[in-house]
Amino acid sequence: MKIISATWIITCDENSTIIKDGAIVYDDKIIEVDTLLNIQKKYPDAKIEFCSQNSVLMPGLINPHVHLEFSSNTTTLKYGDFMDWLNSVIMNREELTKDISTKYILEKLDFMKKTGTTTIGAISSYSFDLEACVESPINTVFFSEVIGSKPDMIDTLFSDFKSRLNMAKDKKSKNFIPAIAIHSPYSVHPFLIRETLKIAKEEQLAVSTHFLESPQEFDWLHKDEGGFLDFFKNFLGQEKAVTKPMQFLNQFDDIKNLSFTHCVEASIEDLEKIKSLDAVINHCPTSNRLLNNTKLDIDKLIKLDIPFAIGTDGLSSNNSLSMFDELRNALMIHTHKNVVYFSKKLIEAATKNANKALGLNKGEIKNNKDCDIISLVLPNEVKDSKDLYMNIILHTKNVEKTIIGGIDV
Ligand code: BEZ
Ligand code: FE2
């Protein structure tokens, strides 16, 4: 058992409790959270670790959507238009992934850890990132991804998917959890969707998928036209989308831990269906901005009470894998939201809501939750506790300490 104390504790619990001069008692789980005075009374002989002045303890950040295998991109891929970007990914994916080593990905994961991330949802297309995710202290929900809409490729793609999923299942541990990603409604054949979701249901695996990321995807799925038409004709010899958005969503009934990434072009009906599926929307504001996609209508999600999480996506559509960079961008992009109140929503999105997307026992500082916590230091005193969330987002580059599963990593 250990005890750690800080000027502030942001719990992200159901009452959004904030404790001034607080302390956390923990082993691999959180045992107790209270004021320092109460903890000292209860454990008079215990050694307490004190964080610096103006310190904050909060749940470790959870990034539910990242593509580590594309981490070598900096200046290669085209931004500014979804089709230009997708074509550049297809043109350059071999070059971008050929030298990706476990060591390289571990460096990226170490950066993520230093910038406050304790858990990720890694979308894995090839399993090039498997070893690094297994070795890293960061908790990983490892989403083996299925992709491919061409009917004559289905058998090969399905057996490749199953063998990657089995490799991930072989490595299953407390902090490495296999899961399934379905790339998108436009790129996965209905047979593959049906069969992979069957596995997810039987084995109770979390599922994640990209959904309605671009106007081109909307035009293609709804009307079989727009920028995707030429792409599909030239690349795959297809003139019609393999599925409609609602048909796609209807297949996800009974998946327990479900998330849809982007959803910026989703209709009210789509969003209502997502709500009825009890799913989380992974919002990746920087990725949407760089590909000149639509800005997510956060107010629609709030109105429909759909939880959203914040993801970085990969370095294929971002210049940083820091969740604090992503939170700053989210805060700046949604200009109509009040910075003070929206900051609280964002921190809860990056902890508690992301936990729901991944189906874990994290994201809150509360008895019996996994002890994944970060400590950070604000540059000066915060007088009004309401301003804490905003100041944390504005001022945090690196964290002071990262504790995962009760261990200082
Ligand atoms: C497909 O197989 O349909 C596909 C793959 C990658 C991007 C788009 C479509
Ligand atoms: Fe993505």
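A salt bridge here is a side-chain nitrogen of Lys or Arg within 4 Å of a carboxyl oxygen of Asp or Glu. This is a predicted model, where local features need pLDDT of at least 70, side-chain atom pairs count only at pLDDT 80 or more, and totals for chains, interfaces and linings use all residues. Residues are numbered from 1 along each chain as written, chains are lettered from A and ligands numbered from 1 in written order, and side-chain values use heavy atoms, leaving out hydrogens and water.

**View 1. Asp110 pairs up with Lys114 in a salt bridge.** Their closest N and O atoms are 2.6 Å apart. Both sit in helix 3 (residues 102–114), and because they are four residues apart there, about one helical turn separates them. Searching the whole structure turns up 24 salt bridges.

**View 2. Ser149 reaches ligand 1.** A polar side-chain atom of Ser149 is 2.5 Å from a ligand oxygen.

Technical notes. A polar contact is a pair of N or O atoms within 3.5 Å; within protein, one must be able to donate a hydrogen and the other to accept it, and residues adjacent in sequence count only if both atoms are side-chain atoms. Helices (H or I, at least four residues) and strands (E, at least two) are DSSP runs, numbered from the N terminus.
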